[in-house]
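Hello,

Here is the structure I said I would pass on. Please look through it first; my notes follow below.

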Amino acid sequence: MKLFHISHTDLDGYSCQLLTKQIFNQGIFFNANYGLEVKLTLKKVLELIKQENKEEEIFLLITDLNLTQQESKDLDKDITALKKENYNIKLQLLDHHASGQKSADNYEWYYLDISKCAAKITYEYLVKYYGGFAQNDVWINPLIKCVNAIDIWLDNETFNFEFGKVLLTMISKVREINNILFADLNRDFRLYLLKEAAKYINEENANIKLDDDIHKLKKQFLNTEGIDDTLDNLSAKYLVYSLDNIKDELTVFYKGHKGLLTYTLGSISIPANAFLKANPDYDFFIDVSKKGNASFRADGKVDVSYMAEKLANGGGHVNASGAKFEDFKETIDYLQVKNYIQEKLCSLEKI
């Protein structure tokens with residue numbers, strides 16, 4: 001069985017994926033927030049499923065996301081169509097948001113229980129239908145109790161609630177690895193922190209000790225060379241290493257110069273400078289936000305203030321500039337961003 005698992009972008013959502021990763025040998029994972037991200041993610045996953053062998057048993061699991069009535073209707077229609085085409089596919093949605101009631105009333109695959117968090121629902125589902133977690137349950141069960149306590153605000157469960165508060169903050173502040181360019185790495189980072197956090201549960205003053213050590217745990221994950229450094233420097237090195245592995249896919253061109261294009265990276269001064277110094281064959285670095293704001297960096301080989309001005313009426317310094325693309329449309333698909341920016345850069349060839 002091959003799992004496709006879409007979950008929310010918070011502690012509860014990632015905890016659901018922590019659980020499924022313990023059960024399924026094969027899995028493709030996505031995380032989405034509400035609105036456009038849900039629609040685009042469902043579309044992407046359905047496209048991937050269509051590429052699978054029809055003999056493959058597919059399990060599409062959605063957790064901690066309450067679909068609108070229209071989204072539920074469209075998804076039910078798409079899954080029905082796939083089954084008619086002889087795809088061996090099972091759909092299950094596990095939700096705890098009251099706003100999903102109408103969808104739950106209309107579709108058998110939409111399970112709703114507002115009395116507990118999605119991670120606890122997922123935990124119980126996997127125990128019932130997939131045999132549970134064996135020896136790993138010794139840390140999984142207590143961790144999920146803490147997630148449940150903070151997610152549905154059970155402040156009478158003092159220990160679980162206080163420990164859950166630390167978990168909530170820890171997961172919400174994972175910004176060292178970009179969640180679009182490196183979605184899998186970003187998720188692995190969060191799940192690593194959750195598994196490490198579970199080791200603290202039986203300690204005295206567990207919430208305080210974990211809170212003290214989050215910085216250290218992050219550095220442990222990001223330290224690939226075994227040499228201690230500040231979190232910022234370790235993050236920059238990790239990012240350069242990660243970018244280097246996929247730089248060919250992120251490469252754009254401008255008048256014979258080679259550049260790197262990232263999407264939603266943010267705060268690029270340190271990583272852009274580190275990347276350009278580590279890769280002298282690259283002359284510029286561009287990062288675009290979801291709203292079309294762009295940051296340009298160079299290392300003396302290209303005047304990015306000129307690029308910013310001509311591309312989007314921006315400007316700044318020769319090696320550091322900014323602009324805003326007014327016609328940019330938000331997306332979760334990096335390739336769309338790359339095609340958009342490369343087309344803009346090609347237009348400058350004529351100037």
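Strands (E, at least two residues) and helices (H or I, at least four) are DSSP runs, numbered from the N terminus.

This is a predicted model, in which local features need pLDDT of at least 70 and side-chain atom pairs count only at pLDDT 80 or more, while totals for chains, interfaces and linings use all residues. Residues are numbered from 1 along each chain as its sequence is written, and side-chain values use heavy atoms, leaving out hydrogens and water.

Strand E6 (residues 251-254) runs antiparallel to E7, joined by four bridges; two strands pair if DSSP finds at least two bridges between them. Thr251 is opposite Leu260 in E7. The two strands form a hairpin with two residues between them, and Lys255 in the turn has a positive phi of about 50°.

On E7 there are also five bridges to strand E8 (residues 284-288), and these two run parallel. Here Thr262 stands opposite Asp287 in E8.

**The five-stranded sheet**

An open sheet of five strands has the order E2-E1-E3-E4-E5, with parallel pairing. Strands E2 (26-31) and E5 (110-112) stand at its edges with a single partner strand each, so one side of each has no neighbour in the sheet. Three bridges join E5 to strand E4 (residues 88-95), and Leu112 in E5 is the bridge partner of Asp95.

Regards
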